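Dear colleague,

I am handing over a structure that will be new to you, and my notes on it follow below. Please have the sequence and the model open while you read them.

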Amino acid sequence: MDISTLRSDHLDHWNKACAIRALAIDAVQAANSGHPGMPMGMADVATVLFEKHLKFDAKNPNWADRDRFILSAGHGSMLLYALLHLTGSPDMSLDQIKNFRQWGSKTAGHPEYGHAMGIETTTGPLGQGISNAVGFAMAEEALRARFGKKVVDHYTYVIAGDGCLMEGISHEAIGLAGMQKLSKLIVLWDDNDISIDGKISLSDVTDQKKRFQAAGWQVLSCDGHDPEAIDQALTAAKKSKKPTMIACKTHIGFGSPKKQDTSGAHGSPLGPDEIAATREVYGWPYGDFEIPAEIKQAWEAIGSRGAADRAEWEARFATLSESRQKEFNRVMAGEAPKKLSAAIKALKKQISETAPKVATRKSSEMVLEVVNPIMPETIGGSADLTGSNNTKTADLGIFGPENRKGRYVHFGIREHGMAAAMNGMALHGGIRPYGGTFMCFTDYARGAMRLSALMGTPAVYVMTHDSIGLGEDGPTHQPVEHLAICRATPNSWTFRPADTVETAEAWELALTSQKTPSVLALSRQGLPTVRTEHKLKNLTAQGAYVLADSTLKRQAILIATGSEVEIAMKAREILEGEGIGTRVVSMPCMELFAAQDESYRRKVLPAGPVRVGIEAAVRDGGWDRWLLGERGKEAKAAFVGMEGFGASAPAETLYKEFGITAEDVVKKVKALIG
């Protein structure tokens with residue numbers, strides 16, 4: 001539909017949509033950076049969605065049963081910011097719009113979760129938003145099954161662009177959503193045929209409609225500038241028993257005389273002359289950032305329309321029993337049940353007394369067998385490695401179209417899609433997601449794992465087969481640099497527990513975290529219980545602690561993680577037998593140890609003794625701080641670990657050939673002592 005027809009036949013709609021366009025144009029120009037073309041092109045779709053379909057209350061943006069709106073095409077962030085401002089969201093003043101992309105503003109270049117209410121997730125890395133949305137929709141299904149339709153009954157809407165659909169993660173996401181028949185997931189594709197380099201045909205010939213159909217979606221099409229056609233498509237989408245993709249044919253930079261339908265509208269300001277010409281085309285004779293009162297009032301009326309829905313929901317919620325209300329509020333707040341601490345302590349006591357030798361992946365399963373029955377908000381899964389990751393407990397049941405009360409997800413070989421869906425579940429609220437794969441394949445999930453840390457979503461990544469200890473699968477599967485990558489990520493906890501006790505403590509921390517994701521690096525090979533004396537205190541929460549102290553004058557400190565703590569303990573026995581007093585420090589979480597106060601760190605790592613770090617990974621994984629810093633000295637420090645990639649052989653052979661044995665540790669200590 002052309003602009004003259006839009007203005008003559010749908011004037012009210014046109015004026016509201018132009019308010020979005022004008023704010024986007026002005027904000028990008030004021031910042032001298034940004035992406036005006038997408039908001040200009042999708043303003044009609046967004047106006048119809050917010051006015052006629054989206055269930056929300058602008059004054060209460062965090063209402064639990066609101067529809068979720070996710071801008072997967074995060075470069076078009078001014079579309080979202082304009083909508084939040086126009087509808088009256090309390091966090092989005094006009095000053096925030098004017099300070100787009102500036103220091104301290106809530107209006108970052110790409111939407112960032114936590115900056116302002118109404119931003120459901122951080123987007124910008126293309127494909128993440130649509131993949132998060134799958135997790136949002138799964139969470140809605142699971143919570144509706146648990147608490148009932150009168151409390152949980154909402155849609156997840158996504159605006160995605162060509163870039164989102166070209167990213168590989170989108171294929172994982174749409175395949176999972178189609179298999180799961182997530183009928184309350186509706187994707188609006190901004191089909192404008194333009195990317196930064198130019199026409200989409202320069203790089204892609206995919207028939208996106210057939211692609212979605214092949215993945216089990218309903219596919220609809222509409223003119224993305226015809227409000228009646230958009231409304232009809234959204235109405236039809238809500239009747240489907242499948243997820244729906246609506247292909248909205250749009251013009252990027254809609255109305256710009258020189259830049260419409262070109263990459264020039266994508267990622268740079270229009271410029272003063274082109275803005276003036278575009279305003280003339282729009283019939284928008286207002287100044288920069290000026291929205292006529294009647295148009296702002298019309299938008300605020302849209303924003304307040306959902307207040308009645310929210311009031312009705314609150315009345316329905318009040319009919320639940322007090323215990324059901326408390327439980328709903330608890331899980332939506334992300335609070336762990338009071339039973340968790342006692343359950344973990346009881347398991348620790350049992351393990352310390354029985355001292356089993358098990359792989360820490362099995363330890364993790366033992367913890368989950370205790371945790372899952374008392375935390376009905378957990379939803380677990382694996383990227384097709386259930387039997388290897390030990391992520392499924394008998395009580396969960398399989399989550400699927402036939403059983404929304406199931407709590408185990410078969411994600412398939414979709415590590416990245418799994419991680420992004422976990423983020424979506426956590427962001428939705430009411431769910432504690434965890435998912436497993438091999439530690440080496442954190443590479444495949446990295447984009448979403450980084451966003452977990454950036455957003456502060458407490459997803460739990462169960463990463464097994466954490467070293468050369470996995471053996472014969474060889475260097476393609478043996479992680480050596482992955483601990484370093486995880487530890488280098490801000491706001492992330494990387495746990496490498498030595499036994500079942502430390503594994504239980506790590507899980508307790510992960511499940512009570514509010515703002516930090518966790519990576520559990522777990523062994524394939526069996527490990528002895530090293531914590532044989534029961535302690536009520538969660539020692540893993542300190543990051544590192546003295547596991548065994550010297551019985552003689554202390555000359556050496558061995559610092560180890562995970563499966564190498566056993567090696568450190570054997571080396572200590574040899575050294576003490578030869579008159580060299582040796583302390584063993586278990587360091588299950590470097591990040592938490594770094595967060596301890598100086599006095600505690602000094603007690604664990606005092607000056608004086610030589611230090612040897614032991615880990616079947618590269619030294620770059622944060623080790624130099626503990627070996628050379630913190631009162632250490634280069635002349636009195638060494639590392640026993642990996643210097644390159646692994647090899648294919650039995651684990652025992654690999655440890656011997658790569659020099660990661662108690663005897664190798666003893667040699668290092670003696671050489672340092674001189």
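I begin with strand E2, which spans residues 156-161 and is mostly covered, since six of its six residues are buried in this predicted model. In a regular strand the side chains alternate between the two faces of the sheet. For E2 both faces are covered, with Thr156, Val158 and Ala160 buried on one side, and Tyr157, Ile159 and Gly161 buried on the other.

Which strands does E2 pair with? Strand E1 (residues 68-71) pairs with E2 in the parallel sense over four bridges, and within this pairing Arg68 stands opposite Thr156 in E2. Strand E3 (residues 185-191) also runs parallel to E2 and is joined to E2 by six bridges, with Ile159 standing opposite Leu188 in E3.

The second topic is the aromatic rings. A pair of aromatic rings is described by the distance of the centres and the angle of the planes. The count comes to 19 aromatic pairs. One of them is formed by Tyr81 and Phe100, whose ring centres are 6.1 Å apart and whose planes stand at 70°, and because planes over 60 degrees apart count as edge-to-face, this pair is edge-to-face. Tyr81 sits in helix H4 (residues 77-87), whereas Phe100 sits in the loop between helix H5 (94-98) and helix H6 (128-147), so that the pair links distant parts of the chain, 19 residues apart. Tyr81 and Phe100 are both buried.

A further pair is made by Tyr434 and Trp507, with ring centres 5.5 Å apart and planes at 85°, and therefore this pair is edge-to-face as well. Because Tyr434 lies in strand E10 (residues 432-438) and Trp507 in helix H21 (residues 500-512), the pair ties together parts that are 73 residues apart in sequence. Are these two residues buried or exposed? Tyr434 has a relative accessible area of 1% and is buried, and Trp507, at 0%, is buried too.

Aromatic residues also come together in a group, for Trp63, Phe147, Trp313, Phe317 and Phe328 form one aromatic cluster.

Finally, there are charged residues placed over rings. Arg21 lies over the face of Tyr282, at 5.9 Å from the ring centre, while Lys184 lies over the face of Tyr155, at 4.0 Å from the ring centre.

With best regards

Note on methods:
Residues are numbered from 1 along each chain as its sequence is written. This is a predicted model: local features need pLDDT of at least 70, side-chain atom pairs count only at pLDDT 80 or more; totals for chains, interfaces and linings use all residues. Side-chain values use heavy atoms; hydrogens and water are left out. Rings of Phe, Tyr and Trp (its six-membered ring) pair if their centres lie within 6.5 Å; planes under 30 degrees apart count as stacked, over 60 as edge-to-face and the rest as tilted. Helices (H or I, at least four residues) and strands (E, at least two) are DSSP runs, numbered from the N terminus. Buried means under 20% relative accessible area, exposed over 50%, partly exposed in between (1.4 Å probe, protein chains only). A charge sits over a ring if NZ of Lys or CZ of Arg is within 6 Å of the ring centre and within 35 degrees of the ring normal. Two strands pair if DSSP finds at least two bridges between them.
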